Amino acid sequence: MRSPQQILAEARTIAVVGASPDPSRPSNDVMRYLLDAGFRVIPVRPADCAEIHGVPCVTSLAEIEEPIDLVDVFRRPEAVPDHAHEAVAVGAKALWLQVGIVSEQARRIAAGADLDYVENACTKVVHKLFLAR
């Protein structure tokens, strides 16, 4: 199991599940930070949004036609197990639940598929503290 720092250091493509076009939302700020840090970031949300920060939205991980290194989730805990199953199905390398999100069921799903797993942590904060130059 890789550490959060290793996961981010090795990631190139990040799918942000629950990305929001609203600049006041944490997911919007984190997505902007990750884009500025050089990651390929793909926003995943329902069909109510065409793009965020100039990047076209998709409605599910299955729509992404490239390898996904990290699935970064901004959703309520009860929605997370479905996203964990989806991350496994598309062959993502890691599942990351943002600050305040914990899911025992998602942890078991990730472990059963040898998917790296982080919960209750912010990708932006970890990157800034350990990897930003």
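Biologist: Glu 66: buried, exposed or partly exposed?
Modeller: Buried means under 20% relative accessible area and exposed over 50%, with partly exposed in between (1.4 Å probe, protein chains only). Glu 66 has a relative accessible area of 29%, so the label is partly exposed.

Biologist: What pLDDT do side-chain atom pairs need to count here?
Modeller: Residues are numbered from 1 along each chain as its sequence is written, and side-chain values use heavy atoms, with hydrogens and water left out. The model is predicted, and totals for chains, interfaces and linings use all residues, while local features need pLDDT of at least 70 and side-chain atom pairs count only at pLDDT 80 or more.

Biologist: Which residue forms a salt bridge with Glu 66?
Modeller: A salt bridge here is a side-chain nitrogen of Lys or Arg within 4 Å of a carboxyl oxygen of Asp or Glu. The closest N and O atoms of this pair are 3.0 Å apart, and the partner is Arg 40.

Biologist: How many residues apart are Arg 40 and Glu 66?
Modeller: Helices (H or I, at least four residues) and strands (E, at least two) are DSSP runs, numbered from the N terminus. Arg 40 is in strand S2 (residues 40-44), while Glu 66 is in the loop between strand S4 (55-56) and strand S5 (70-73). The pair links distant parts of the chain, and the separation is 26 residues.

Biologist: Which residue pairs with Arg 107 across 2.2 Å, N to O?
Modeller: Arg 107 is partly exposed, at 28% relative accessible area. Glu 104 and Arg 108 are also in its salt-bridge network. The side chain that meets Arg 107 at 2.2 Å, N to O, is that of Glu 119.

Biologist: And how many salt bridges does a search of the whole structure find?
Modeller: One of them joins Glu 10 and Arg 2, at 2.7 Å, N to O. The search of the whole structure gives a total of 10.
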